[in-house]
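Here is a short report on one protein model. Look over the sequence and the structure first, then read on.

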Amino acid sequence: MAESSSPSPTEEIVRLIKRLSAYVAFKMSSLFSTTSIRNLDSRSIGAIAGLAIAVIFTWRAIRTPGEQRQRRQPKRRMQSPESSSAAAAAQSNLASVPPEVSSPHEDNAVQDVVDQFFQPVKPTLGQIVRQKLSEGRKVTCRLLGVILEETSPEELQKQVTVRSSVLEVLLEITKFSDLYLMERVLDDESEARVLEALESAGIFTSGGLVKEKVLFCSTEIGRTSFVRQLEPDWHIDTNPEINTQLSRFIKYQLQVAAVKPERIAPNVFTSQSIEQFFGCV
């Protein structure tokens, strides 16, 4: 009994493409059954279309010359009884050959390829910041309790400490938004101390923030006035009273509090820090 010949590399590739196509069809059917088309972003649609085109062109490229010539052959002429009997016998032999059965190893390999292709891409911090701020072009933010470790003007008379964990977020905000920082201080020395600490932390070296955009006042009402005059798309604060007063005038706000409070208004979001709000921690 003659041994069956091992499949050629081309046949192996064809079988892999067939299995890949089956898994892609399954993945796409699941995707469109659970997700609305309008919720798919352009990158997801482009990835699906690109994969489909790649499969089609790969299939066409690896087809054997015999398959391509077979499509171009004209209709067969009338056959003699002897040739018809031989053809029938050959067809009967082909029918007796069992269909190809893919091995579990092939299934796992194809599924790994498809799963890796459909693995979601983790967005960058810049993309998250832009999405969270809803393309807001102007942002105002208080310093105490948000950018600085200190939480009261009295502490600024002794020392000023910039929270290093917020620097990366501030840099991303200044890349596409006009950022203003503001705080209430008790004296000129505190103001100078704050500017020196911000400069030492490198906040002014990014190019998106200058000293002229750091504003100081002597009362909480003064900070509210600053915000209303600047008319930002977003304001970040720790004082719930100010957030409440500004909720009628400012499009979006972020209230930073150690203990997450209830939302003041639908347009006022809450978080323990701006790093947490933007997913940095």
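## Around helix α9

Just after α9, Gly202 adopts a positive phi of about 85°. The model is predicted. Helix α9 itself spans residues 188-200, 13 residues in all. From first C-alpha to last, α9 reaches 18 Å, close to the 18 Å expected at 1.5 Å a residue. At the start of α9, a side-chain oxygen of Asp187 comes to within 3.4 Å of the backbone nitrogen of Glu189.

## Two faces of α9

Which residues of α9 are buried? They are Ser190, Val194, Leu195, Ala197 and Leu198. These residues cover an arc of only 160° around the axis, so they sit on the same side of α9. An α-helix has 3.6 residues a turn, so residues three or four places apart point the same way.

The cover over the buried residues of α9 includes α7 (153-156), β2 and β3 (214-217). The face turned away from the buried side carries exposed residues: Asp188, Glu189, Glu196 and Ser200.

Val160 sits in the loop between α7 and α8 (167-176). Is Val160 buried or exposed? With a relative accessible area of 16%, Val160 is buried, because the cut-off for buried is under 20%.

Val160 and Val194 are 34 residues apart along the chain, yet their C-alpha atoms are separated by 6.0 Å. Residues up to four places away in sequence aside, Val160 touches Leu148, Glu150, Arg193, Val194 and Ala197.

## Nonpolar cores

In soluble globular proteins, nonpolar side chains tend to be buried together. The largest nonpolar core here has 37 residues. Those with the most contacts inside this core are Ile147, Leu181, Leu198 and Ile274.

Take Ile274 as an example. Leaving aside neighbours within four places in sequence, Ile274 is in contact with Val146, Ile147, Val166, Val169, Ile236, Leu254 and Val256. A second, separate core has 8 residues, including Tyr180, Leu215, Ile242 and Ile250.

## Salt bridges

Side chains of opposite charge can pair when their charged atoms come close. How many salt bridges does a search of the whole structure find? The search finds 10.

One of them joins Arg223 to Glu183, with the closest N and O atoms 3.9 Å apart.

## A shared network

Glu220 forms a salt bridge with Arg184, the closest N and O atoms being 3.3 Å apart. Here too the pair links distant parts of the chain, with Glu220 in helix α10 and Arg184 in strand β2, 36 residues apart. Glu220 counts as partly exposed, because its relative accessibility is 23%.

Arg223 also meets Asp237 in a salt bridge, at 3.0 Å from N to O. Asp237 lies in strand β4 (residues 234-237) and Arg223 in helix α10, so this pair ties together parts 14 residues apart in sequence. Asp237 and Arg223 are both buried. Salt bridges that share partners join Arg142, Glu183, Arg184, Glu220, Arg223 and Asp237 into one network.

Key: Residues are numbered from 1 along each chain as its sequence is written. This is a predicted model: local features need pLDDT of at least 70, side-chain atom pairs count only at pLDDT 80 or more; totals for chains, interfaces and linings use all residues. Side-chain values use heavy atoms; hydrogens and water are left out. A salt bridge is a side-chain nitrogen of Lys or Arg within 4 Å of a carboxyl oxygen of Asp or Glu. Helices (H or I, at least four residues) and strands (E, at least two) are DSSP runs, numbered from the N terminus. Buried means under 20% relative accessible area, exposed over 50%, partly exposed in between (1.4 Å probe, protein chains only). The expected span of a helix is 1.5 Å times one less than its number of residues. The arc is that of the directions from the helix axis to the C-beta atoms. Contact means heavy atoms within 4.5 Å. A polar contact is a pair of N or O atoms within 3.5 Å; within protein, one must be able to donate a hydrogen and the other to accept it, and residues adjacent in sequence count only if both atoms are side-chain atoms. A nonpolar core is a set of buried Ala, Val, Leu, Ile, Met, Phe, Trp, Tyr and Cys residues joined through side-chain atoms within 4.5 Å.
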